[in-house]
Amino acid sequence: MRERALKVVMVLVGLLFVAGMYPVVDSLRHVNAGDRGDMGDDMMLSLYVTLGVFLLLAVRNPGAHRSLIGFAAWSSFAHAIVMSTLGFEVPSERAGFLGGSAVLVVIGAVLLWLLPGKEQREEVAVGNAGAKAPIA
Amino acid sequence: MRERVLKVVMVVVGLAFVAGMYPLIAFFTKEPAVAMIMSLYVTLGVFLLVAARDPAANRNLIAFAGWANVAHAGVMAVQYSLHAIERQELGGVVLFGIVGVVLIAMTPRKPTRELATVNVGAKAPAP
């Protein structure tokens, strides 16, 4: 049950991150020479799109990808800390920064909460060796 | 030997990413996007340093680090071709590209678990 919930969350977060492809492509299609605009955001989103693809690939066996899921969670916290601090430094962008931080904190907390324990990973690894999928 | 080289690469790249804490603080309000990107790289650096103890168990993280760098370099290269970033940032394209390609090339192959599963019950080949 817990693993199924993790898989659902990983698919949702993965798809959300992959959807970051749209603003990147849109921004690059409408870029004007010399206008830096959202260039930094595009670079950042390229990391999230890649992470989204890897989360979607890891859904098949979350227990074998603890470090990747852990990274997705802790990087969300790190990003949220920076964003929420920026929210107080840049008043004009406060709502956007704080809203984004809240989303990232929720993603990080849920992923960490559902992250399989080390023992569970070993059980999964042992259990899967040569085992057939259980009949639903 | 290959694993030892990978460990060295992971430690060097991990430390370089953790050093991203400096631009994170230096460009905090001037370039918010740089600070946010660096928050991801610093976290990735810490994870790479921890994963260097057992690269084979963290192959997906290493592959992610590689492909993320290639993606970052790719986006920067497109931005440069559109004249959206300055020439001096080309160094970043090359650096991220090299780090990405090296990590992808050195990512350990899939664990032998699957091979072991296939080999269960198989007889040893005749000499």
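**Core and interface chat**

Me: Which residues touch the most other members of the largest nonpolar core?
Reply: Leu111(A) and Leu44(B), out of 68 residues in that core. A nonpolar core here is a set of buried Ala, Val, Leu, Ile, Met, Phe, Trp, Tyr and Cys residues joined through side-chain atoms within 4.5 Å; buried means under 20% relative accessible area with a 1.4 Å probe, protein chains only.

Me: And which helix gives the most to this core?
Reply: Helix α3 of chain B, residues 32-51, with 11 residues. Helices are DSSP runs (H or I, at least four residues), numbered from the N terminus.

Me: What is this model, by the way?
Reply: It's predicted: local features need pLDDT of at least 70, and side-chain atom pairs count only at pLDDT 80 or more, while totals for chains, interfaces and linings use all residues. Residues are numbered from 1 along each chain as its sequence is written, chains are lettered from A in the order in which they are written, and side-chain values use heavy atoms, leaving out hydrogens and water.

Me: OK, the interface. How many residues of each chain are in contact?
Reply: 39 of chain A and 35 of chain B, contact being heavy atoms within 4.5 Å.

Me: How many salt bridges across it?
Reply: Zero by the rule, which wants a side-chain nitrogen of Lys or Arg within 4 Å of a carboxyl oxygen of Asp or Glu.

Me: Switching to Ser27(A): buried or exposed?
Reply: Buried, at a relative accessible area of 17%. Ser27(A) is in helix α2 of chain A.

Me: What is Ser27(A) in contact with?
Reply: Met39(A) and Asp42(A), leaving aside neighbours within four places in sequence.

Note on methods:
Buried < 20%, exposed > 50% of the residue type's maximum accessible area, 1.4 Å probe, protein only. Helix = DSSP H or I, 4+ residues; strand = E, 2+ residues; numbered from the N terminus.
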